Amino acid sequence: MTVNCKGNLLDLSTPKVMGILNITPDSFFDGGKYKTEADFLNQTEKMLTEGAAIIDIGAYSSRPNAAFVSEDEETERLTPIVTLLSKEFPEAILSIDTFRAEVAKAAIESGASIINDISAGLLDDKMLNVIAQTKVPYIMMHMRGTPQTMTTLTDYEDIVKEMIFYFSERIAAARSLGINDIIIDPGFGFAKTLEQNYEVLQKLELFQMLDVPLLSAVSRKSMIYKLLNTSSQEALNGTTFLNTVSLMKGAKILRVHDVKEAVECVRLFEVLQQ
């Protein structure tokens, strides 16, 4: 349960927290909140101080019906921030939320050490080769279509069975290229209805049969606030509850906007496992 992040071994035998740093203007919860270098430095420092083991940086919003961003624009948004954070926080593990191979390559060259791909390599056929060449850990998520089309692609006969088959194929493709450090993300909210999200969460422990670490990313998502008839701003309590359920069902990484609360969640969970 360790992954090699450019020589820095991350031990997942104890669950870890991944803090989200959006440098997009249109992300569903905090889009546009951080604009300057000082903003990005302050938020990163805050999350690291609160106990984040990984900082996940995204320059392309993958929320439903998100605006298209060109590869050049994504790279131009991303690489200066990765360079800045790598310099200011040299011990930090930086993950990049992108499905584009060239963006991933540029980010790794700028100091990133994990790639977090919502498409598991299906939106860019060069992605797996970049991961194999750079030897960074690879997070592969389940999704159908693109952020622009995924809400129309929710027709499953047996969603969990089909997801496990999907991951089996993508893991095999990655392994065939010598990619060793693989993490899977069920993709809550991606090509899934509200009911399907909860079915996947209810059966989350079944994904352990794939024998790779599991990441859960439910933070402030619509599966929480639509069910409770509130908003993303009011979804922290629901997030904490679903993070707890995720840990109980085997999640090794929690991807969150609110690091302090997630770290507390992990600590309390760990005490109960003793």
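Which residues of α1 are buried?

1. **Basis.** This is a predicted model, with local features requiring pLDDT of at least 70, side-chain atom pairs counted only at pLDDT 80 or more, and totals for chains, interfaces and linings using all residues. Residues are numbered from 1 along each chain as its sequence is written, and side-chain values use heavy atoms, leaving out hydrogens and water.

2. **Helix α1, buried side.** Phe40, Gln43, Thr44 and Met47 are the buried residues of α1. Buried means under 20% relative accessible area, exposed over 50%, and partly exposed in between (1.4 Å probe, protein chains only). The arc is taken over the directions from the helix axis to the C-beta atoms. An α-helix has 3.6 residues a turn, so residues three or four places apart point the same way. The cover over this side includes β3 (16-22), β4 (54-58), α2 (71-88) and α9 (259-273). Helices (H or I, at least four residues) and strands (E, at least two) are DSSP runs, numbered from the N terminus.

3. **Helix α1, length and end.** The 14 residues of α1 (residues 37-50) should span 20 Å at 1.5 Å a residue, and the end C-alpha atoms are 20 Å apart, which agrees. The expected span is 1.5 Å times one less than the number of residues. Just after α1, Gly51 takes a positive phi of about 115°.

4. **Cores.** The largest nonpolar core has 79 residues. Such a core is a set of buried Ala, Val, Leu, Ile, Met, Phe, Trp, Tyr and Cys residues joined through side-chain atoms within 4.5 Å. Ile57, Leu78, Ile115, Met140, Phe167, Ile184 and Phe207 have the most contacts inside it. Helix α5 (residues 159-176) gives the largest share, 8 residues. A second, separate core of 14 residues includes Val3, Leu12, Ile93 and Leu215.

5. **Met140.** Leaving aside neighbours within four places in sequence, Met140 is in contact (heavy atoms within 4.5 Å) with residues including Asp117, Phe167, Arg170, Ile184 and Asp185.

6. **Helix α6.** Gln196, Asn197, Val200 and Leu201 are buried in α6 (residues 194-202). They cover an arc of only 140° around the axis, which puts them on the same side of α6. These buried residues pack against α5, α7 (222-225) and α8 (236-248). Exposed Glu195 and Gln202 sit on the face turned away from the buried side.
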